[in-house]
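I opened a new model today and kept notes on what I looked up. The entries follow the order in which I went through it.

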Amino acid sequence: MATAKIGDVISFKREGETFEGVVSGIRENSVMVDYGMSKEKNEPLKTIVNHKNYKLKKSNG
């Protein structure tokens, strides 16, 4: 399994839906992901995804 790097695009599932996002940070067991914009607050949506729970879609290098 390839570990994502900052700037890579990954796909992951939340509550039965598949999302794509850009890795913005990396931790030992997980990555931080920006995956959209909040309609109410006009702020980026962010989440944490365990390395076991995403697929690398597009590598940034």
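**Entry 1: strand β1 and its partners.** I started with Val-9, which stands opposite Lys-58 in β5. The model is a predicted one, and I read everything below with that in mind. I then looked at the pairing as a whole: β1 and β5 run antiparallel to each other and share four bridges. I turned to the other partner of β1 and found that β1 (residues 9–14) pairs with β2 (residues 17–26), also in the antiparallel sense, over six bridges. Two of the opposite positions went into my notes. Ile-10 has Gly-21 as its bridge partner in β2, and Arg-14 stands opposite Glu-17 in β2.

**Entry 2: the turn.** I asked how many residues lie between β1 and β2 in their hairpin. There are two, and Glu-15 in that turn has a positive phi of about 50 degrees.

**Entry 3: the sheet.** Next I wrote down the strand order, which is β4-β3-β2-β1-β5 in an open sheet of five strands with antiparallel pairing. The edge strands are β4 (44–50) and β5 (54–58), each of which pairs on one side only. I noted an average twist of 45 degrees from one strand to the next. As a reminder to myself, strands of a sheet pair through backbone hydrogen bonds.

**Entry 4: the core.** I looked up the largest nonpolar core and listed its eight residues: Ala-4, Ile-10, Phe-12, Val-23, Val-31, Val-33, Val-49 and Tyr-54. Strands β1 and β3 each supply at least two residues of this core. Leaving out residues up to four places away in sequence, Ile-10 touches several residues, including Ala-4, Val-23, Val-31, Val-33 and Tyr-54. Phe-19 and Leu-56 are also among the residues that Ile-10 touches.

**Entry 5: Ser-30.** Is Ser-30 buried or exposed? I found a relative accessible area of 14%, and the limit for buried is under 20%, so Ser-30 counts as buried. Ser-30 is in strand β3 (residues 30–37). Beyond its neighbours within four places in sequence, Ser-30 is in contact with Ile-48, Val-49, Asn-50 and His-51.

**Entry 6: Glu-43.** I ended in the loop between β3 and β4, where Glu-43 lies. Setting aside neighbours within four places in sequence, I listed its contacts as Gly-36, Met-37 and Ser-38. I also looked up a distance: the C-alpha atoms of Glu-43 and Lys-58 are 24 Å apart, with the two residues 15 apart along the chain.

Definitions and conventions:
Residues are numbered from 1 along each chain as its sequence is written. This is a predicted model: local features need pLDDT of at least 70, side-chain atom pairs count only at pLDDT 80 or more; totals for chains, interfaces and linings use all residues. Side-chain values use heavy atoms; hydrogens and water are left out. Two strands pair if DSSP finds at least two bridges between them. Axes are lines fitted to C-alpha atoms, for helices over the stretch in contact, and angles run from 0 to 180 degrees between N-to-C directions. Buried means under 20% relative accessible area, exposed over 50%, partly exposed in between (1.4 Å probe, protein chains only). Contact means heavy atoms within 4.5 Å. A nonpolar core is a set of buried Ala, Val, Leu, Ile, Met, Phe, Trp, Tyr and Cys residues joined through side-chain atoms within 4.5 Å.
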